[in-house]
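The sequence and structure are shown first.

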Amino acid sequence: MQLKNLKTNEVIEIPKGMMWVDEFNWSKTVNSKEYSLNGSLIVETGVRSFGRPITLQSDENSGWVKRSSVGKLQEWADKMVELEFTDILNVSRKCVFDNSNDEAVNFQPVSGFTDGLQGEWYIGSVKMFEIS
């Protein structure tokens, strides 16, 4: 898996142990239901074009990311760059960071503390959503 900055063509390789945790938590088809004044059920159904969440997450045992990559991800999130996410099946999706909860890039050092070295390992998550 990888993330590519579509403005600069820079690429960050996503470690194999980092999982797309909400890959199947989304449906293209949505509906709403309400009752009319006479009690009849009214159901409206539609198809979403985009907006699928993409949350990549590591844990204590796998998917560790180097501090240098975490810094680059944070830089991209701050600039709201458009990305190309290529998943494990080599399918590419255009996406942006999901900064709706200020948690688009959320990582902590594996050791619990940091010396600020670029080679240190971090665990955490990257939140994005598909835009086309």
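## Fold and overall form

The model described here is predicted. Its secondary structure consists of eleven strands and one helix, arranged along the sequence as β-β-β-β-β-β-β-α-β-β-β-β. The radius of gyration is 18 Å, well over the 14 Å that the globule rule gives for 132 residues, so the protein is more spread out than a compact globule.

The C-alpha trace spans about 70 × 30 × 25 Å along its principal axes. Of the contacts between residues at least 6 apart in sequence, 63% join residues at least 24 apart.

## Surface and charge

Of the 132 residues, 30% are buried. The protein exposes about 8400 Å², and carbon and sulfur atoms supply 49% of that area. There are 14 positive and 19 negative charges, and their mean positions lie 5 Å apart.

## The nonpolar core

The largest nonpolar core comprises 23 residues. Leu3, Leu56, Leu73, Leu83, Phe97, Phe107 and Met128 have the most contacts inside this core. At least two core residues come from each of strands S6 (53-57), S8 (83-86), S9 (92-97), S10 (105-109) and S11 (121-130), and from helix H1 (67-79). The largest share, four residues, is supplied by H1.

Leaving aside neighbours within four places in sequence, Met128 is in contact with Leu3, with Arg52, Pro53, Ile54 and Leu56, with Leu83, and with Cys95, Val96, Phe97 and Asp98.

Notes: Residues numbered from 1 in each chain as written. Predicted model: local features only at pLDDT ≥ 70, side-chain atom pairs only at ≥ 80, totals over all residues. Heavy atoms only, no water. Rg over C-alpha atoms; globule rule 2.2 N^0.38 Å. Buried < 20%, exposed > 50% of the residue type's maximum accessible area, 1.4 Å probe, protein only. Contact = heavy atoms within 4.5 Å. Areas by Shrake-Rupley, 256 points an atom, 1.4 Å probe, with all protein chains shown as cover. Lys, Arg positive; Asp, Glu negative; His and termini not counted. Charge placed at Lys NZ, Arg CZ, Asp CG, Glu CD. Core = buried A, V, L, I, M, F, W, Y, C linked by side-chain atoms within 4.5 Å.
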